[in-house]
Amino acid sequence: MDAEQKNIMLSDGAAAVASVDSSANNKVVSTVWNGYDCVFSNDDYLKKLQNGDIHHGQNAKAEVSTDNPRMSFRRGGSRRSLDDFGWLRQLDLRSDVLSIEEIRDWSFDTLQFEEDILVEVFISMLEFYDLLKEFNLDRETLKRYAFAVMHKHRKDCYYQRTDIEGEVSVIGTTANASEEDCKSSDNGHHVFCEYHNWYHAVSCAHACFLFLTLGGADQFLESKDIFCIIVGALIHDLDHPGTNNDFEVKRNTELAQKYHNDSVLERHSISEGLNLCARNPELDWLKSFDNVEDRKYVENYITEAILATDPARHATIVKEALAFVEEGPKAYDSVTSESLSESVELTQFDRANLKHRLFIGRLFLHSADISNPLHASFDVARDWAVRVTTEFSRQASKEKELSLEVTSYMDGLDSEYNIAKVQISFFAFMVQPLFDVVGKLFPNLSHLNDWGEANCDGYREVIAACEKERGEG
């Protein structure tokens, strides 16, 4: 690969080194953001990134219903100050049964609903494709399985945290977890996940459902693939501890040793999700795939799709997607992550090609996993942002207490100003390049980056307000 190194300085002061592959048709750019390999489709994108003019979402509008809000506990006030963490919305939890039309909508927001209602949302997405009938899946078994998955996720964050170790006063949780369910595996304290919880699981499954239905990708997949994508998304972060793979590796935990430091939490979630079926006949939907080959197919598809949610695999997935865009399906069949050659006319995905179908599953689970910044509502995107950054802050504090190397981008997220900065960078380096190529592969999804750009404009308003308050504006 003919690569040129470029030192770049972004408009917000962040520095990075980019590698530009000039042998590729559109000069594929590789760089690193906060330890993760990132890929841009061309160096024009890099120039815009450096100039600070890549985000212009003023014309990105979305029709979003504000009916039936819910009330959640909010950690801060409504003022916009440097210490304001009032981004968790005040909303009333909905408990009404949803129609498939309401679910099949970009404005759908999992955070508006009681936990139990989301079990029915999961079942409804499967029923939309008539999958229960096709595979002779028992509805009650699937419901029990979904409830088990719900309870195996750490609880949501509607509480007032009193210290970094997780001793909390719970306020308004929608289901009471047992003491054993809430215990951390390493220190015995109650652990709550603001982000990696049941709501995130259903949010990812829902995003995949929209990619399939409204995005039109379902025409390229078999029914088994669609089932695996929705179920895989539901369990992709099962039993997530609220810290990342690197934290497991740095502490040399049992899980890190078990999985040889490779996609540790993803492999753990796969194991936990499939073992729910193996351990309890009442939850075993896998028995419906009584053919050995079908069962292996489902297990393998779910495994490969969930492994794709490891952020360490981000660059590989983007490169594979770019190869498909640049060269078409036939070229993709033999492409490696190191090569992109002359462009040929793009043709449709080949539904008969397992590699193509598995690629769609891997692409969609990874895309859904980082799709919150693209929500049609800035309030929803901002709610998710404070959740994930709260988990980051807790990990950074734990790393300091344990005398571990502190993950730099997780440290100092003590104000909405810093959170807004991180969200803009995350969108620019990870989300926007990925969904740029997703939109090229599936044109009905090309509008999603417009909403992400609009949300970044919202974060810029936050930054400007904070700088004005500081007297920097």
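Predicted model: local features only at pLDDT ≥ 70, side-chain atom pairs only at ≥ 80, totals over all residues.
Q423 is found in helix α16, which covers residues 416–441. Leaving aside residues up to four places away in sequence, Q423 touches P373, A385, V388, T389 and Y459.

The largest pocket has a volume of about 1000 Å³. Its lining consists of 49 residues, of which Y36, N244, P311, F392 and Y409 are the closest to the centre. Two or more lining residues come from each of α9 (245–251), α11 (264–279), α14 (354–369), α15 (378–401) and α16. Helix α15 gives the largest share, seven residues. By class, 22 of the lining residues are nonpolar, 19 are polar and eight are charged.

The structure holds 23 aromatic pairs. One of them, Y129 with F209, is edge-to-face, at 6.3 Å centre to centre and with 85° between the planes. Y129 lies in the loop between α3 and α4, F209 lies in helix α7, and the two are 80 residues apart. Both Y129 and F209 are buried. Y195 and W384 form another edge-to-face pair, with 5.5 Å between centres and 80° between the planes. This pair joins the loop between α6 and α7 to helix α15, across 189 residues. Y195 counts as buried because its relative accessibility is 8%, and W384 counts as buried because its value is 2%.

One aromatic cluster is formed by F211, F220, F324, F349, F359, F364, F435 and F442. Charged groups also sit over rings: the charged end of K224 lies over Y297, 4.3 Å from the ring centre, and that of R470 lies over Y417, 4.3 Å from the ring centre.

Terms used. Residues numbered from 1 in each chain as written. Heavy atoms only, no water. Helix = DSSP H or I, 4+ residues; strand = E, 2+ residues; numbered from the N terminus. Contact = heavy atoms within 4.5 Å. 1 Å grid on protein atoms, 1.4 Å probe; cavity = no way out; pocket = protein on both sides within 12 Å on 5 of 7 lines; lining within 4 Å. Points joined across faces, edges and corners; volume = space filled by probe spheres on them. Nonpolar A, V, L, I, M, F, W, Y, C, P; charged D, E, K, R; others polar. Phe/Tyr/Trp six-rings, centres within 6.5 Å; stacked < 30°, edge-to-face > 60°. Buried < 20%, exposed > 50% of the residue type's maximum accessible area, 1.4 Å probe, protein only. Lys NZ or Arg CZ within 6 Å of the ring centre and 35° of its normal.
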